[in-house]
Amino acid sequence: MADLTTGTLGDTLRRNGVSRRGFLKFCTATASMMALPPSMVPVLAAALDNAQRPSVIWLSFQECTGCTESLTRSHTPTLESLIFDHISLDYHHTLQVASGHAAEAAREAAMQASAGKYLLVVDGSIPLGNPGFSTIAGVSNLQILEETAAGAAAVIAMGSCAAFGGLPKADPNPTGAVAVRDIVTDKPVINVSGCPPIPVVITGVLAHYLTFGTLPELDQYSRPKAFYGTSIHDRCYRRPFYDKGLFANTFDDEGAKKGWCLYKLGCKGPMTYNACATVKWNEGTSWPVESGHGCLGCSQPDFWDAGGFYNALSIPVGDISRTASYAVAAGVALGAAAAGINRKTKTEANRQHSTVTVDDLEKTS
Amino acid sequence: MNESMDFLLWTRGTAFDVAVAIFVVGILIRLFEIISLGRAANLAAPKGSEFLPGMKTILTRTLPEGGTFKRQPLTILAGYLFHIGLLVSLLLFIPHIELFRETFGFGWPGLPNPIVDAAAVLGIVGLLAALWNRLTNPVMKLLSDKEDYLVWVLTFLPLLTGYLAYHRMINPYPLAMGLHILSIELLLVLFPFTKLMHTFTLFLARWYNGAMSGRRGVES
Amino acid sequence: MSKATLERGLNAFREQVDAPVAAFFSSCVSCGICAEACLFYTETGDPKYTPIRKLEPLRRVWEQEYTLVGKLKKVVGLAAPVTDELLQEWQELLYDSCTLCGRCSMVCPVGNDIAYMVRRAREGMVASGNSPKDVQAAAERAVRIGSPMGIKYKALAAQVKHIEADSGLTIPIDVEGADYMPLLSSMEVINFPEYIESLARIFTHAGLSWTLCSEAFEATNTGIQIGSSDIARELVQRIVDGAEKLKVKYVIAPECGHAYTSIRWEGPDLIGKPFPFKVLHILELLDELRASGRIKTENPSHERMTFHDPCSIGRKGGVIDAPRRLMQMVNSNFVEMQDHGKWNWCCGGGGGVSANTEAEALRLKVFKRKKNQIEETGADKLVTACANCRLVIEEGLEEYRVELPIEGLTELVARHLVEDK
């Protein structure tokens, strides 16, 4: 954790050698990413400059720590990480120094000190199958979430596990995992899905919250529309190849080398809503499709159960050949039965044939 | 809360399996029902063979006889238009080919998307023309029953939803694709029990016709 | 004794549904193209004459008895039943307005052989007592008297005597061991005895051994026209018995369309065994004799002539090239109709229609098609090879006040034979 105990965000940035010019650039970029009008840039800058450190409690349930890794593992300090650093992260398993009773005491202290004002960030899903599946200090995830959410101003479900249940919820969902929104229904919950999510999305949401004191506009999955409003497919630089019907068939064929569309290799871009194609990862270095791998659709609900990662989107989830094979077997059996019935009807009709003669051509009434 | 994705996964999962199973079982039942009725042995000395003329008729009936075309150009043009549009969209769109490859273990080359897109538009236009024809042509109007209109709808929906999904005109996309898949599942489920069966039985029908004529030394 | 009841009819429909019928009904998409091939539709514009629609009773039986959905529909009461009223209404469609010409079967895009199904549907109509009165009466005469027109051998014997006296030719009767046994239609006996004389001329010219059979000279088969295999079988059996008794090698079908269908194609199936003799149409025989040089003709006519293909012989019988080669042999100015051969239009009187007075007005109306077809050729003479077509066309032309001589192709050939010295 950075050694920052007092001052505004502006102070923090200046102390870390960020120029005014760099800061405004960041504000402009953030504003445009969040689809705010240019006139909002000064407002955003002023708000961020004077923002006080909000208290943040970060709960980790059934998760892999990938979300935390994604947010913290930048090799050079970025504005995103600095903003992240600026918050008062009062509780976070992986990052906090305190442990055991002291850690839990810190959480309780923060909850009391900022009651009704702190932000709750959750990563990981909550097991409902058996409370013992995942506990912290002997307390079930469900209980901690309910307790902690009660005094939060808003909840951010960080990553696809918290947002939609994610991998733990994958069929057959052995722990009975659910998403934060399935538990917290009386608080604003904002889903920042992705496995992991893009760091700038978090800072964007934070910036919005710090500036306006409200959450940004959300889509039907409670995700910030600014980042999840368009599909990967619609913003993909390989889209022209899709439109022309030029596809890579394997990961090392000519098409792959020429950067053709990865649809056939299982890219789920058409159904996936996220900002990867525009924001990219690792300070805009690259993103999955650019590095030659199709989108897994990680920001969509149930992406683990959405068919093989390397199967084209048009391929059904189940084993269609197997279904068809069983159906053929059943069809032959039922067909034979239907054939038997028809033959019987026909044979019976032939048996009942009564010879027509010229004596009985006229209708008998 | 996950409506559209859940819907998409359901259409791509359980629903698709069920639809394919009903389709396959239904088709087999229908074919068995037909073939089990048999054909009486033909004892008259043949003037020609049955097999090849039958096969030939399977091909030749794809083209209309000249006089018929002159008398019913709309029926024939609309028929060609929507059949070709439908078949190109179904069989030469790369995402569809991937589905066939997965199902049958082999695929075939597809066409660039804009060409398939154009074919789909022609297919839609053809179907609309066919419907108009069915509603206005006195012969078709008299012949048509509810089932004829039902199969029109069943054929039209996949083309329409496919077009809308491809052009991303329904949002979010999972909903669009789910609707498209659902429309196909509807088609698959009702296929074996409606006139859509002609897709398969016309090969039998044409063959029988050609074979029976061939036997008499006539080209049909 | 069985009776003509709805139940017997329904059972007959059930018997008649076979794999082709089921495949045909399964394939129909109500496109209506068959209407355009049917002169009853093209000449009246009435959609009720659309060929496939004529099969509604048989279609219902197929659907309700032989398909899963149909059976379910029947159980829950959603299936429209086949009633006596329906069959009564459909009698006009299955008899008066269908000559079994088979043109619809040629155009159906899914390949439905509609004429094949009409033939089968008539079995149910006969069995339920819904066949036309006139055709019933003709069938009765055929079975009881020996010919649908009520003529007996005596009448033929008288004609034979006349012809022999007039021409000096010999017409052998009941000669055991002859090679060829020609059949006749009673129309030829009564209206066109020239045909018998021509036969005698040709056989004599070619030096073939032949005979008429006093017990089996009638080729027409009202059983086929009315659509009763039981009756047809009885009539075919007479011919087979006669031919077997005389031990002939060939039975020659006359210039009559449905007679060729009945003896050449349906006959063996009706009696349930292959024939011990071959069946040829007279035109097939003439063409063979032409090819082998057994008959020689001279002085081909320069008149402009056209040929009307009888449906049963051409489109449904495969005798299409033979008449053209024969025409070329005796006529130097042969002209085809617009639609000819397998695409020929029916005269309007086949399939029992000409024997059905209830159908007469309609038949004369739809004859317009044939009339136009003939007129377009500008021919001075029409040649055909079916006594029924010939009578129907003569009547039709008279109705439309068109003067045009008609001749049978056999006669035409016989008239051009090189005179024996």
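**Entry 1: chain A overall**

I began with contacts in chain A between residues at least 6 apart in sequence: 70% of them join residues at least 24 apart. I count two residues as in contact if their C-beta atoms, placed from the backbone, lie within 7 Å. I note that this is a predicted model, where local features need pLDDT of at least 70, side-chain atom pairs count only at pLDDT 80 or more, and totals for chains, interfaces and linings use all residues. Residues are numbered from 1 along each chain as its sequence is written, while chains are lettered from A and ligands numbered from 1 in the order in which they are written.

I looked up the secondary structure of chain A and found 16 helices and nine strands. Both are DSSP runs numbered from the N terminus: helices are H or I with at least four residues, strands are E with at least two. The radius of gyration of chain A is 29 Å, well over the 21 Å from the globule rule for 365 residues, so chain A is more spread out than a compact globule. That radius is taken over C-alpha atoms, and the rule is 2.2 Å times the number of residues to the power 0.38. Along the principal axes, the C-alpha atoms of chain A fill a box of roughly 115 × 50 × 45 Å.

**Entry 2: a helix pair in chain A**

I checked helix H3 (residues 40-50) of chain A against helix H10 (residues 199-212) of chain A. They pack at an angle of about 85°, with axes 8 Å apart. Axes are lines fitted to C-alpha atoms, for helices over the stretch in contact; angles run from 0 to 180 degrees between N-to-C directions. This makes H3(A) roughly perpendicular to H10(A), a label that covers 65 to 115 degrees. On the H3(A) side I found Val43(A), Leu44(A), Ala47(A) and Leu48(A), which meet Ala207(A), Leu210(A) and Thr211(A) in H10(A). The contact has six nonpolar residues, one polar and no charged. Ala, Val, Leu, Ile, Met, Phe, Trp, Tyr, Cys and Pro count as nonpolar, Asp, Glu, Lys and Arg as charged, and the others, Gly among them, as polar.

**Entry 3: chain C and its partners**

I turned to chain C against chain B. The contact takes 49 residues from chain C and 48 residues from chain B. H2(C) gives the most to the chain C side, with seven residues. That side divides into 24 nonpolar, twelve polar and 13 charged residues.

I then took chain A against chain C: 19 residues come from chain A and 24 residues from chain C. The chain A side has five nonpolar, nine polar and five charged residues.

Notes: Angles under 35 degrees count as roughly parallel, over 145 as roughly antiparallel, 65 to 115 as roughly perpendicular and the rest as oblique.
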